[in-house]
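Hi everyone, thanks for coming. Please have the picture open while I talk you through this one.

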Amino acid sequence: ERVAERFELYVCGLELANAFSELTNAEVQLKRFEDEQEAKQKIYGYTFPIDYELIDALEYGMPECTGIALGIDRLAMVTAGVDNIESVLWAPVQAP
């Protein structure tokens, strides 16, 4: 299907959280990983290993579940009233 169950939480125009239903079908997930590897190989010339432990967990019978990722740094931005994420990072990131 071309439908995803998901939502995003925005506060003051800033995305704080991204939530979704997990894909728990091992066959479909493996196919998606393989398709991603093929596309990455064409675009970048390299790939990363498939997570077969996840595929094994799905085959074992991982129940339907959901996930949410909350950006603590973004929450700190809203709380502090700043527009630049570097203002709230505890360990500033330097470009290579």
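**Contacts along the chain**

Okay, so take contacts in the protein chain, meaning heavy atoms within 4.5 Å, between residues at least 6 apart in sequence: 50% of them join residues at least 24 apart. Quick note: this is a predicted model, where local features need pLDDT of at least 70, side-chain atom pairs count only at pLDDT 80 or more, and totals for chains, interfaces and linings use all residues. Residues are numbered from 1 along each chain as its sequence is written, and side-chain values use heavy atoms, leaving out hydrogens and water.

What's the order of elements? Reading along the sequence you get β-β-α-α-β-α. Helices (H or I, at least four residues) and strands (E, at least two) are DSSP runs, numbered from the N terminus.

Now the sheet: it's open, with three strands in the order E1-E2-E3 and antiparallel pairing; strands pair if DSSP finds at least two bridges between them. Strand E1 (6-11) and strand E3 (66-70) are at the edges with a single partner strand each, so one side of each has no neighbour in the sheet. Between E1 and strand E2 (residues 14-21) there are six bridges, and Arg-6, for one, has Phe-20 as its bridge partner in E2.

What about buried residues, that is, under 20% relative accessible area (1.4 Å probe, protein chains only)? They make up 12% of the 96 residues.

Last one: which residues does Ile-50 touch? Skipping residues up to four places away in sequence, Ile-50 touches Leu-30, Phe-33, Glu-34 and Gln-37.

Key. Buried < 20%, exposed > 50% of the residue type's maximum accessible area, 1.4 Å probe, protein only.
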